[in-house]
Amino acid sequence: MEPLTEKQIRSSFVNCTKGEAARLRLPLDFAELPWEDLDFLGWVDPGAPLRAHLVLPGAQGPVGISLRVPSVGRTSAVKSSMCQICLTGHASSGVTLLAAPLAGARGREGNTVGIYVCADLACPLYVRGKRLPKLRAGRYEESLTLDERLARMSGNLDAFAARVTAA
C-alpha cells in the first residue's frame with residue numbers, strides 16, 4: 001500500500017460523516033507504520049475503543065470504512081475462530097465481529113453489515129508471517145504462494161467493502 005497522509009485518510013471514509021472522520025484518532029504508531037507490508041490500514045481508534053477503521057486502496061483512491069467494535073466480548077465456548085479477511089486462526093479472543101454501517105441513506109437508517117476479523121486488524125502482517133497469532137495452529141499449512149494468499153485477502157476485503165458501499 002502506498003503511504004497515505006492524514007488528510008487522505010480522513011477524506012476517504014464512505015460510511016460516516018465528515019465530522020466523525022475529522023474526530024477519529026489515527027493509530028498511535030502512524031508515523032512508523034510499515035506501509036510496505038500493508039495491503040490496507042486497519043486500527044482500533046485509540047480515543048474511542050468501540051470504533052475501528054479500515055482504509056483500503058480503491059480504483060478511485062483510498063476507501064475508508066468506519067466500524068463498530070462490540071462493547072463486550074463473545075461469551076461462546078468456541079476455543080478458536082478464523083478471520084474472514086486473511087483466514088488466520090486465532091484463539092476466540094483474537095477474532096471479533098465488527099459491524100460497519102452501510103454507506104449512504106441505508107446506513108443512516110441503521111443498516112449494517114458485519115465481518116469476523118482479526119481483533120488487532122493486522123491481517124497483512126499475519127499473511128506475511130510478520131506477526132503470529134497466539135493460537136499455535138493459527139496459520140494453517142497451505143499450498144498457496146504468498147502472492148496468492150495476499151490476492152485472496154484483498155479479494156475478501158474488497159467483497160466486504162462492496163457490501164458496505166453497495167457497489
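## Aromatic pair

Phe-30 and Trp-35 are both buried, where buried means under 20% relative accessible area, exposed means over 50% and partly exposed lies in between, with a 1.4 Å probe and protein chains only. The structure holds one aromatic pair. Its ring centres, in Phe-30 and Trp-35, are 6.1 Å apart and the planes meet at 90 degrees, so the pair is edge-to-face. Rings of Phe, Tyr and Trp (its six-membered ring) pair if their centres lie within 6.5 Å; planes under 30 degrees apart are stacked, over 60 edge-to-face, and the rest tilted.

## Basis of the model

This is a predicted model, in which local features need pLDDT of at least 70 and side-chain atom pairs count only at pLDDT 80 or more, while totals for chains, interfaces and linings use all residues. Residues are numbered from 1 along each chain as its sequence is written, and side-chain values use heavy atoms, with hydrogens and water left out.

## Nonpolar cores

A nonpolar core is a set of buried Ala, Val, Leu, Ile, Met, Phe, Trp, Tyr and Cys residues joined through side-chain atoms within 4.5 Å. The largest has 29 residues, of which Ile-65, Ile-85, Cys-123 and Phe-160 touch the most other members. Two or more residues come from each of β2 (51-56), β3 (63-68), β6 (95-101), β7 (112-118), α4 (123-127) and α5 (146-165). Helices (H or I, at least four residues) and strands (E, at least two) are DSSP runs numbered from the N terminus. The element α5 gives the most to this core, with six residues.

Another core, of 14 residues, lies apart from the largest one and includes Ile-9, Cys-16, Leu-33 and Trp-43. In the largest core, Phe-160 is among the residues that touch the most other members. Beyond its neighbours within four places in sequence, Phe-160 is in contact (heavy atoms within 4.5 Å) with Leu-54, Ile-65, Leu-67, Ala-100, Val-113, Gly-114 and Ile-115.

## Cysteines

Zero disulfides are found in a search of the whole structure; a disulfide is a pair of cysteine sulfur atoms within 2.5 Å. For Cys-86, the closest cysteine sulfur is that of Cys-118, at 3.5 Å, which is too far for a bond. Cys-86 counts as buried at 2% relative accessibility, and Cys-16 also counts as buried, at 19%.

## Around Ala-21

Ala-21 is found in helix α2 (residues 18-23) and is buried, with a relative accessible area of 4%. Not counting residues up to four places away in sequence, Ala-21 touches Arg-10, Phe-13 and Cys-16. Its C-alpha atom is separated by 9.9 Å from that of His-53, 32 residues apart along the chain.
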